[in-house]
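Colleague: Please walk me through this model. I would like to learn how to read its strands and its charged pairs.
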Amino acid sequence: MTSWRSRVELALLGIVLVLLPSAARAQTGTASITGLVTDETGATLPGVTVTATNQATSVVQVATTNSAGNYTITPVTVGSYVVKAELTGFRTSTTAPITLEARQVARLDFKMGVGAIAETIEVVSAAPILQTETTTVGEVISGNTVQSLPLNGRNPGQLSLLLPGTVTYNPRGFTNIGSVNMNRPFVNGNREQTNNFTVDGLDVNETIDNRVAYQPIPDALAEISVETNNYAADVGNVGGAVVGMVVKSGTNEFHGNAFEFYRNSDFDANTWENNRSGAPKQERRQDIFGGTFGGRLVPNTLFVFADYQGSRQDAPGSITASVAPEAWRRGDLSSVSTPIRDPLTGQPFPGNQIPANRISPTARAILNNPVNYPLPNRTVPGGVTGNYVGETLLAIRAHQGDVRVDWSASPTDKFFGRYSFALYEDRRDRQPFPLVFTTRNDQPFHNVGFNWNRLFGASMINELLVGYSRTVVTAETFDWAGVGAGNALYGIAGGQPIDGLSSIAWGSGLTAPGSRDATRSSLVGSYYVTTSVVSTRETTGCLASSPSTAPSRGLRSPTSFSIRCPTRGAAAVTQTTRGRTCRIASRSSLRTTSGSWKT
């Protein structure tokens with residue numbers, strides 16, 4: 001009975017929501033315009049045509065006020081717009097250009113005077129557009145700000161640290177070159193895994209540890225929206241921050257840029273460890289280069305934007321390690337003040353001298369092979385730390401880019417499609433001595449998204465958003481010196497799947513020879529499908545529903561709703577949802593299916 005009643009309540013709720021007007025925010029990072037149109041006496045005006053014209057593309061979006069005088073234009077691409085209201089028998093009212101930000105719900109009310117429609121009243125001075133339609137706490141970072149601020153490593157994710165309530169224990173981690181970024185902010189006391197990063201409304205989270213799989217370059221971003229509290233339900237599936245990045249669109253004018261950021265080690269300080277061991281400073285050369293281009297394919301109709309960035313980093317030089325001195329290799333640890341105890345009897349070895357027959361054959365074989373395990377080449381004060389200096393060589397190669405096409409097919413149909421990719425590889429081809437092995441990482445990422453907005457008459461809009469992401473994270477142990485089957489070479493029983501040596505923990509501050517088998521590969525695929533309907537019909541009814549759950553395959557339904565009754569001319573809806581994959585905002589109807597898998 002309870003299940004039947006819950007399903008009926010959920011169905012009735014959906015029917016009522018279809019009739020409710022809403023100031024919806026599209027999930028693609030776009031904005032919305034909503035408002036009330038009245039005459040000079042304050043009476044509401046139905047049937048008013050409200051037009052928003054993008055100043056960069058001349059693309060027009062139209063809405064009509066309902067019988068209560070309300071209108072909503074959504075979704076609206078971020079940028080500068082002129083909005084006008086027209087009705088026969090009244091003078092046309094026009095705004096000055098206004099700037100819309102990502103996920104903004106801008107309220108523009110019009111008061112129209114009696115007169116000929118050819119007469120135009122332009123509002124050249126008005127109060128700033130305040131965020132009065134939502135309670136979301138956050139900030140929008142403009143594309144100009146993103147490009148103007150100096151970002152070490154050109155990672156736009158570090159801008160989230162500028163907001164109140166965001167902290168990190170590792171600021172340096174936000175400056176690394178890479179595809180899958182392991183560093184994310186801690187927001188309002190939540191763990192870094194509780195954030196959600198999106199590009200044009202599509203998730204770009206690596207689902208194994210919710211790392212950030214992709215971030216566009218600063219030059220490609222129109223805006224970054226960072227919401228930290230009171231999110232709308234269509235994105236509120238996390239407890240931390242919702243970081244929405246919006247890729248630029250092409251315009252009627254052709255624009256582009258080229259860049260090269262060069263960095264070397266000439267003004268870098270040496271590390272404390274290298275100075276202590278008398279090792280020279282490690283060299284470094286880093287080049288980050290690329291460009292953007294955007295413009296029209298068909299004026300006022302079809303636009304394209306593309307960007308590319310390549311990154312190269314080479315870091316040859318010296319690095320320190322700690323190896324056993326010659327006396328230790330013979331069992332003479334008399335230089336150590338701590339008593340060395342016999343593991344069989346628990347008693348100290350006399351004089352801290354370990355008999356030769358008590359030294360493991362495997363340890364003896366490693367210690368007596370100075371080619372693979374060399375003797376110290378530095379004298380350091382107070383112990384063995386950093387008593388060997390060897391060569392190292394790190395090489396990083398990364399490529400990424402985006403292509404976005406926007407098509408205004410008709411006054412009722414708007415499309416965009418985007419493809420993004422990132423390729424990342426790092427190789428450390430040398431370590432201080434042969435028994436210190438390296439790990440090579442390869443992290444390709446691909447993402448494709450498609451959006452279709454369809455206007456059904458004057459009172460209903462449908463939005464379809466489809467996306468797919470593929471993230472591969474591969475790490476492999478690299479036997480850079482050609483040691484080969486080290487276990488067999490040094491008498492460790494059992495075979496080994498890869499070349500190298502099993503990890504051996506020496507202790508006493510010595511660099512551990514060998515390595516764990518770090519060879520691994522994980523494939524993460526995720527899909528995202530959303531369809532939503534926004535209706536601007538008038539209603540005076542309301543319905544309250546008790547919490548319910550109605551799961552279906554591939555879709556987690558919302559588990560709680562709350563609605564407050566609207567008043568005529570200012571309808572309002574509040575909905576809350578608990579669940580990760582179904583997202584419901586102040587919209588008439590929304591179905592979301594998303595998922596992921598890994599191997």
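The dialogue below takes up a sheet, then salt bridges.

Modeller: A word on the source: this is a predicted model, where local features need pLDDT of at least 70, side-chain atom pairs count only at pLDDT 80 or more, and totals for chains, interfaces and linings use all residues. Residues are numbered from 1 along each chain as its sequence is written, and side-chain values use heavy atoms, with hydrogens and water left out.

Colleague: How do I read a sheet?

Modeller: Strands of a sheet pair through backbone hydrogen bonds, either parallel or antiparallel. Strands here are DSSP runs of E, at least two residues, numbered from the N terminus. Two of them pair if DSSP finds at least two bridges between them. In this structure, five strands make an open sheet with mixed pairing, ordered S11-S18-S19-S14-S15.

Colleague: Which strands are the edge strands?

Modeller: Strand S11 (137-142) and strand S15 (202-203). Each pairs on one side only.

Colleague: How many bridges join S14 to S15, and do they run parallel or antiparallel?

Modeller: Two bridges, and the strands run antiparallel. S14 covers residues 196-199. Look at Thr198: Asp203 in S15 stands opposite.

Colleague: Now the charged pairs. How many salt bridges does a search of the whole structure find?

Modeller: The criterion is a side-chain nitrogen of Lys or Arg within 4 Å of a carboxyl oxygen of Asp or Glu. The search finds 19.

Colleague: Which residue forms a salt bridge with Arg454?

Modeller: Asp413, with the closest N and O atoms 2.5 Å apart. This pair links distant parts of the chain: Arg454 lies in strand S26 (residues 445-456) and Asp413 in strand S24 (residues 413-430), 41 residues apart.

Colleague: Is Asp413 buried or partly exposed?

Modeller: Relative accessible area decides: buried is under 20%, exposed over 50%, partly exposed in between (1.4 Å probe, protein chains only). Asp413 is buried, because its value is 10%. Arg454 has 28%, so this residue is partly exposed.

Colleague: What about Lys84 and Asp109?

Modeller: Lys84 bridges to Glu86, with 3.8 Å between the closest N and O atoms. Lys84 is partly exposed at 30%, and Glu86 is partly exposed at 23%. Asp109 bridges to Arg107, where the closest N and O atoms are 3.3 Å apart. Asp109 counts as partly exposed at 46%. Arg107 is also partly exposed, at 28%.

Colleague: Which residues are linked in a network of salt bridges?

Modeller: Asp200, Arg404, Asp406 and Arg418.

Key
Helix = DSSP H or I, 4+ residues; strand = E, 2+ residues; numbered from the N terminus.
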